[in-house]
Amino acid sequence: MCGICGYVGGGNGVKEVVQGLKILEYRGYDSCGVAYLDNKKIDIIKTIGDVDNLKKLTENLSANVVIGHTRWATHGSVNEKNAHPHLSTSKNLAMVHNGIIENYKELKEEFKLNCISDTDSEVFLNLIDSEKGTLIDKVIKASKKVQGTFAVLVLGSDGEMVLGKRESPLYLSNVEDEVYIASDVLALKGENYFALNDDEFASVKNGKIIFYNKNGEKITKKCEKIEKNSDFSEIFYKTHMESEIFETKNVLLKTLKKYTEENIFQNIKLPKKLNSISLIACGTAYHASLMGAEFFKKVGVDARAYLASEFRYGNEILKDDTLYIFVSQSGETADTIASAKMVKERNLPMLALTNMENCLLNRICENVLPTFAGREIAVASTKAYTCQVFSLYLFSLYLANIPLPKEEIFDDFPYVTFSEELVKQIAKFKKVFFIGRNLDYVTAMEASLKLKEISYINCFAIASGELKHGTLALIDEDAVVIAICTQENIKTKLLSNLEEIKARGGEIVVVSQFDDFSDYPCVKLPETQTELMPIVSVIPMQFLALHICELFGYNPDKPRNLAKSVTVE
Ligand code: M6R
């Protein structure tokens with residue numbers, strides 16, 4: 001999603017900010033731009049598409065005070081007019097904004113604000129400009145009138161920068177008299193950083209940072225250590241996605257080692273009496289949560305997974321003997337954050353299962369179980385998913401006092417994939433269905449999400465037993481059904497389902513370790529530890545999505561319309 005970068009100092013801020021935006025590229029965006037100070041006048045350069053375009057457009061520029069943005073369109077289509085930074089009507093201020101101003105129409109009307117673009121952000125900017133006082137006064141006053149979420153970075157024509165946030169993250173670092181600002185710690189320079197909390201603000205001028213609370217009073221803030229530990233996956237393969245799938249074994253091993261050697265579970269605060277577990281997440285992390293719920297139930301702890309976007313508006317009865325686990329790779333996903341805040345308000349036991357040390361979700365939950373998947377760049381989550389599944393599995397063992405497995409379980413860890421021929425065949429179908437039962441149904445859901453996300457094929461997952469309650473009507477010679485079967489007890493059930501599909505002309509491919517499906521084209525999984533099957537079986541599904549995507553000539557790392565961290569509702 002949108003990314004913010006800023007620089008104030010003696011160096012070439014244009015270069016610094018464009019470099020920062022390049023680092024934020026992985027979040028997904030459709031346009032980008034910078035605003036810089038040129039002799040007390042604010043100039044703006046924006047472009048649709050790549051930061052590389054912006055780099056070319058700005059290569060001869062130099063400025064000491066610069067703000068920049070990558071935009072992922074929410075209000076208004078993708079064009080230069082709607083791209084950030086925006087310039088205020090008076091031309092005295094430029095601003096970049098992440099988040100959504102929900103009452104922008106009302107504000108525009110009430111304060112008679114003239115705007116050129118279709119964005120909510122420009123309304124916020126002109127509202128700030130219409131306020132009285134210093135730049136920090138203006139930003140604080142305007143922020144009281146807006147409803148919604150924001151991380152804003154405002155540049156004044158006198159060289160001052162003011163920033164503030166509500167819900168969307170924003171960070172600063174100070175290296176001698178240079179100040180870096182970014183919506184992701186990864187794009188900061190230096191050793192330490194400051195994180196703004198909600199409704200906190202900062203003014204940056206001449207290399208000095210002053211922090212303010214929402215009443216405009218100066219506050220002091222502690223800095224934290226930047227833990228970049230270069231966890232960025234090195235690209236050994238054509239794409240980040242491929243590289244990240246091939247990291248699965250290493251990141252699972254790392255997670256197991258850390259949990260074993262650092263006694264991480266012992267540090268988790270559990271409710272006095274643990275009666276049940278609720279897992280709350282979005283997208284792929286929700287699928288990991290569904291898997292987790294199965295693991296917890298298996299060891300006798302009642303558990304349920306919720307989509308965060310449903311949980312936050314639903315009528316769930318919150319209880320103090322439930323542990324609320326918020327699962328998120330980024331730790332920034334808007335619906336997951338909002339759900340966590342809801343639980344926090346009630347002071348209930350909560351735990352963040354996240355992959356990013358410096359993330360918002362960890363700050364909210366305080367109680368954290370980290371995954372050690374390293375930085376995931378591809379929008380389609382792969383190694384982070386398998387790590388989440390594995391962490392939840394290990395946590396379930398811990399709760400049941402079962403010793404954690406030994407590292408040897410990874411000795412012959414298999415990366416199974418679909419043959420090139422099968423990939424080509426499947427790619428020809430107009431309708432793709434993934435079926436399975438219980439754990440395999442969850443894998444089917446994840447497989448379907450992965451395929452639609454990067455290959456744009458219309459596909460969905462269905463619990464095998466549900467086929468004849470509706471979906472079977474869609475099965476004909478235009479349909480291919482990919483059936484996953486890793487559990488002994490449901491083999492025969494699946495065989496009957498396959499007969500029903502065959503009778504309606506549907507093509508069938510089976511993913512299984514069992515020999516019972518030899519009548520069908522089969523992706524053979526190895527007989528491995530049962531607890532690893534949800535991981536071993538999802539890998540071919542990740543590869544299938546990747547290979548179909550590549551066959552169609554798309555970039556798996558940056559699927560259309562999607563972003564890595566979904567920081568807006
Ligand atoms: O950062 P999170 O784990 O909270 O993200 C949740 C989803 O947006 C994410 O898993 C999404 O579904 C993946 N990009 C799918 O591959």
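Modeller: T354 stands opposite P370 in β20. This is a predicted model. T354 belongs to strand β19, residues 350–354. Three bridges join β19 to β20, and the two strands run parallel. Strands of a sheet pair through backbone hydrogen bonds, either parallel or antiparallel.

Now step back to the whole sheet. β19 and β20 belong to an open sheet of five strands. The order is β17-β16-β18-β19-β20, and the pairing is parallel. β17 (302–307) sits at one edge and β20 (368–370) at the other. Each of these edge strands pairs on one side only. On average, neighbouring strands of the sheet are turned by 20° against each other, direction ignored.

Helix α10, residues 334–345, lies across β16 (276–281), β18 (322–328) and β19. Its direction makes an angle of about 160° with β18.

Another helix is worth a stop. Helix α8 spans residues 283–298 and holds M291. Is M291 buried or exposed? M291 counts as buried because its relative accessibility is 0%, and the cut-off for buried is under 20%. Leaving out residues up to four places away in sequence, M291 touches Y385, V389, L439, V442, T443 and P534. G190 is another matter: M291 and G190 are 39 Å apart in space, C-alpha to C-alpha. In sequence, 101 residues separate them.

Last, the cavities. The structure holds three of 30 Å³ or more.

The largest cavity has a volume of about 80 Å³. Its lining counts 13 residues. T74, H84, G99, D120 and S121 lie nearest its centre. Two elements, β6 (93–98) and α4 (120–130), each supply at least two residues of this lining. Here the classes divide into three nonpolar, eight polar and two charged residues.

Methods:
Residues are numbered from 1 along each chain as its sequence is written. This is a predicted model: local features need pLDDT of at least 70, side-chain atom pairs count only at pLDDT 80 or more; totals for chains, interfaces and linings use all residues. Side-chain values use heavy atoms; hydrogens and water are left out. On a 1 Å grid over the protein atoms alone, a cavity is a set of points where a 1.4 Å probe fits but cannot get out, and a pocket is an open set with protein on both sides within 12 Å along at least five of seven lines; lining residues have an atom within 4 Å of a point. Grid points are joined across faces, edges and corners, and a volume is the space filled by probe spheres set on the points. Helices (H or I, at least four residues) and strands (E, at least two) are DSSP runs, numbered from the N terminus. Ala, Val, Leu, Ile, Met, Phe, Trp, Tyr, Cys and Pro count as nonpolar, Asp, Glu, Lys and Arg as charged, and the others, Gly among them, as polar. Buried means under 20% relative accessible area, exposed over 50%, partly exposed in between (1.4 Å probe, protein chains only). Contact means heavy atoms within 4.5 Å. Two strands pair if DSSP finds at least two bridges between them. Axes are lines fitted to C-alpha atoms, for helices over the stretch in contact, and angles run from 0 to 180 degrees between N-to-C directions.
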